[in-house]
Amino acid sequence: MGKIEEGINGPFRGKTGSVIGSSWRKINYIKGLPRKIKRKPSPRQALQRAKFVLLNQFFDPVANLLEIGFNQYTSKATGRNVAFSVNFDHAFVNEGENVALNYPALQFSQGSLFPAGDEKAWLEGDTLHVTWDPHTYGMGRSMDDKAFLVLYDETDAYFIGGYEALRLDGGIQATEEELASRSHKFHLWLFFADKARKQVSRTVYIPIENGESE
């Protein structure tokens with residue numbers, strides 16, 4: 001894909017022959033049309049394609065959140081594209097001939113801001129309780145940093161919702177009908193961003209415990 005300067009008639013747009021002209025964030029680009037490949041992919045190629053599809057489908061619903069989480073790296077790429085690059089090498093586990101996401105390894109953010117520490121999460125009925133240490137010392141930490149929590153239902157393959165709080169709150173409670181189902185498997189991630197959303201922390205995966213007695 002090449003970058004093109006604006007000519008006397010303006011930037012090139014649309015499809016012409018085997019190339020397409022487009023613009024992103026005021027930068028004009030020209031790229032060739034994808035070639036149709038008729039031959040059967042090798043096992044390695046098929047695996048790479050499966051990983052590509054799986055990770056893209058997973059991140060698609062939270063594209064706006066990824067713009068925050070990877071804000072420091074989005075001057076020349078979307079947050080989703082950065083997330084894909086950051087996660088691709090360690091985001092999967094092999095299950096026989098199949099591939100699955102490695103949920104604890106996934107990152108929705110990247111940066112030098114300090115996270116929190118002592119993160120805990122547990123379920124009571126249909127309520128999720130999440131706590132962290134609001135006073136942990138670290139680089140750039142501020143009490144008005146915003147906490148972003150991402151909750152995912154692996155069983156039905158969808159994000160239940162995005163939850164926000166302040167670092168100084170030390171935690172959050174979320175009540176959702178789906179959480180009452182103990183036959184479902186849930187995953188939870190947490191990261192922080194400063195008030196201006198310029199500095200961001202890495203993502204912390206928080207295992208969810210069942211707080212009810214058996």
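Entry 1, aromatic rings. I looked for a cluster of rings and found Phe58, Phe59, Tyr103, Phe108, Tyr152, Phe159, Trp189 and Tyr205 linked by ring pairs. The rule I used takes rings of Phe, Tyr and Trp (its six-membered ring) as a pair if their centres lie within 6.5 Å, with planes under 30 degrees apart called stacked, over 60 edge-to-face and the rest tilted. The model is predicted, so I note that local features need pLDDT of at least 70 and side-chain atom pairs count only at pLDDT 80 or more, while totals for chains, interfaces and linings use all residues. Residues are numbered from 1 along each chain as its sequence is written, and side-chain values use heavy atoms, with hydrogens and water left out.

By this rule I count 18 aromatic pairs. One of them is Phe52 with Phe84: the centres are 4.9 Å apart and the planes at 65°, so I log the pair as edge-to-face. Phe52 belongs to helix H1 and Phe84 to helix H3, 32 residues apart, and the pair links distant parts of the chain.

Next I checked accessibility, with a 1.4 Å probe and protein chains only: buried is under 20% relative accessible area, exposed over 50%, partly exposed in between. Phe52 comes out as partly exposed at 45%, whereas Phe84 is buried at 17%.

I then took the pair of Phe108 and Trp189, which is tilted, with 4.9 Å centre to centre and 55° between the planes. Phe108 lies in the loop between E6 and E7 and Trp189 in strand E12, so this pair ties together parts 81 residues apart in sequence. Phe108 is buried at 0% relative accessible area, and Trp189 is buried at 1%.

A core here is a set of buried Ala, Val, Leu, Ile, Met, Phe, Trp, Tyr and Cys residues joined through side-chain atoms within 4.5 Å. Which members of the largest core touch the most other members? Among its 27 residues, they are Leu55, Phe58, Phe59, Leu106, Phe108 and Trp189. H1, H2, H3, E6, E9 and strand E12 (186-193) each give two or more residues to this core. There is also a second, separate core of 22 residues, and Leu128, Ala165, Ala174 and Phe192 are among them.

I listed the contacts of Trp189 (heavy atoms within 4.5 Å). Leaving out residues up to four places away in sequence, they include Phe58, Leu106, Phe148, Val150, Thr203 and Val204.

For Phe192 I also found a charge over the ring: the charged end of Arg167 sits 4.3 Å from the ring centre. The test asks for NZ of Lys or CZ of Arg within 6 Å of the ring centre and within 35 degrees of the ring normal.

Strands count as paired if DSSP finds at least two bridges between them. I read an open sheet of four strands, ordered E10-E9-E12-E13, with antiparallel pairing. E10 (158-166) and E13 (204-205) stand at the edges with a single partner strand each, so one side of each has no neighbour in the sheet. Eight bridges join E9 (residues 146-153) to E10, and Tyr152 has Phe159 as its bridge partner in E10. E9 and E12 also pair over eight bridges, with Leu151 opposite Leu188. Two bridges join E12 to E13, where Tyr205 is the partner of Trp189.

Is E12 enclosed or open? Eight of its eight residues are buried, so I put E12 down as largely enclosed by the rest of the structure. Phe186, Leu188, Leu190 and Phe192 point one way, and His187, Trp189, Phe191 and Ala193 point the other way.

Gln107 is in the loop between strand E6 (98-101) and strand E7 (120-124) and is buried at 18% relative accessibility. The side chain of Gln107 reaches the backbone nitrogen of Thr203 at 2.9 Å. Asp89 is in the loop between H3 and strand E5 (92-95) and is exposed at 75% relative accessibility. From Asp89 to Lys51 I get 9.9 Å, C-alpha to C-alpha, across 38 residues of sequence.

Definitions and conventions: A polar contact is a pair of N or O atoms within 3.5 Å; within protein, one must be able to donate a hydrogen and the other to accept it, and residues adjacent in sequence count only if both atoms are side-chain atoms.
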